Amino acid sequence: MKSQNESNSDRLLHQALREWEVKDRPLPPRFGEQVWRRIERIEAQAPATLWTQFLASISNALTRPSLALSYVTVLLLAGLLAGYLQARVEKAHTMEALSSRYVQMLDLYQQGSEK
Amino acid sequence: MKRAWITLFGGILVALLAYFGFYFAGTARSRSLEKSQEPELAWLQREFHLDPAEFARICQMHEAYLSGCAERCHRIDMKGEELKHLLASTNTVTPEIEKALAESALLRADCQKRMLQHFYDVSRTMPPQQGRRYLDWVQGRTVLCESHSQMHHSN
């Protein structure tokens, strides 16, 4: 029953659209673009959450080539620095462990006393 | 919008690649040391800039020293066990205990003497400057280190 009503209303809408026409004057220039701008304006006026505002500001900022390049460069440098520092710590740790193991191999008595 | 997201996640990807690239490049040598057959000796070679001939001689000395060292440690352990039994059977310092303590001390002194001799032999095999550096370092970590003096006090 419901689907029958829906199909009837669709049919009526299609019929109305087919019969509808602008008489005596043409559509204004760039009509479609103006419609989309109105839609964007209405969406912008809608209450936005902090998160969507944040995302929008990031999105806007990253579309600027200079900011996008700076962002990627900063992240690249941060990655390089973090990798270098972590590698240095890891390397120092490994070297210290190996030197301690060398000493323990030679001084078995010390090894026993540390247990 | 799409371009902004590509930049955002592309930047994060670049940062991760840079991090792991530098990390793996920076730890490549230490990882190769750990994977070598004898990492401790490989470390010694790298730390004291030993050429292959010096390293081969030091490896031979190391093997010879370790075989004797295990035997000496075993004798020290045996003497320790003997002392433990003697101490458990009395509440005074008997001549047997005195003798066992003296023998134990002699064994330990012998052990340290041979260890020091090994250090000197190894240092002489190294280039002079590295040899001095090795001696300073290894003596500081063994005969001169705090834990050793603590060990002697606690005994």
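Begin by selecting His49(B), which sits in the loop between H3 and helix H4 (52-88) of chain B, and keep in mind throughout the tour that this is a predicted model. Is His49(B) buried or exposed? His49(B) has 12 C-beta neighbours inside 10 Å and therefore counts as exposed, since the cut-off for that class is 12 or fewer.

Widen the view to the whole of chain B, where you will find 7 helices and 0 strands, so that the pattern read along the sequence is α-α-α-α-α-α-α. Of the 155 residues of chain B, 17% count as buried, and among the contacts in this chain between residues at least 6 apart in sequence, 52% join residues at least 24 apart.

Next, select H1(B), a helix of 25 residues whose first and last C-alpha atoms are 36 Å apart, close to the 36 Å expected at 1.5 Å a residue. Colour its buried residues, which are Thr7(B), Gly11(B), Ala15(B), Ala18(B), Tyr19(B), Phe22(B) and Tyr23(B), and then look at what lies against them: these buried residues of H1(B) pack against H3 and H4 of chain A.

That leads across to chain A, which has 5 helices and 0 strands and, read along its sequence, follows the pattern α-α-α-α-α. Of the 115 residues of chain A, 9% count as buried.

Within chain A, select H4(A), which runs over residues 65-106. How far apart are the end C-alpha atoms of H4(A)? They are 61 Å apart, which agrees with the 62 Å that the 42 residues of this helix should span at 1.5 Å a residue. The buried residues in H4(A) are Tyr71(A), Leu75(A), Gly79(A), Gly83(A), Leu98(A), Tyr102(A) and Leu106(A), and they pack against H3 of chain A together with helix H1 (2-26), helix H2 (28-35), H3 and helix H5 (95-125) of chain B.

To see the residues involved, show Met95(A), Leu98(A), Ser99(A), Arg101(A), Tyr102(A) and Met105(A) in H4(A), which meet Pro39(B), Glu40(B), Trp43(B) and Leu44(B) in H3(B). The residues of this contact divide into 7 nonpolar, 1 polar and 2 charged. Leu98(A) and Tyr102(A), which take part in this contact, are also among the buried residues of H4(A).

Finally, display the contact between the two chains as a whole, in which 35 residues of chain A are in contact with 40 residues of chain B. Helix H3 (50-62), helix H4 (65-106) and helix H5 (108-114) of chain A each supply at least two residues of the side that touches chain B. Which helix of chain A gives the largest share of that side? The largest share, 25 residues, comes from H4(A). Coloured by class, the residues on the side of chain A that touches chain B divide into 20 nonpolar, 9 polar and 6 charged.

Conventions. Residues are numbered from 1 along each chain as its sequence is written. Chains are lettered from A and ligands numbered from 1 in the order in which they are written. This is a predicted model: local features need pLDDT of at least 70, side-chain atom pairs count only at pLDDT 80 or more; totals for chains, interfaces and linings use all residues. Two residues are in contact if their C-beta atoms, placed from the backbone, lie within 7 Å. Helices (H or I, at least four residues) and strands (E, at least two) are DSSP runs, numbered from the N terminus. Ala, Val, Leu, Ile, Met, Phe, Trp, Tyr, Cys and Pro count as nonpolar, Asp, Glu, Lys and Arg as charged, and the others, Gly among them, as polar. A residue is buried if 20 or more other C-beta atoms lie within 10 Å of its own, exposed if 12 or fewer, and partly exposed in between; C-beta atoms are placed from the backbone. The expected span of a helix is 1.5 Å times one less than its number of residues.
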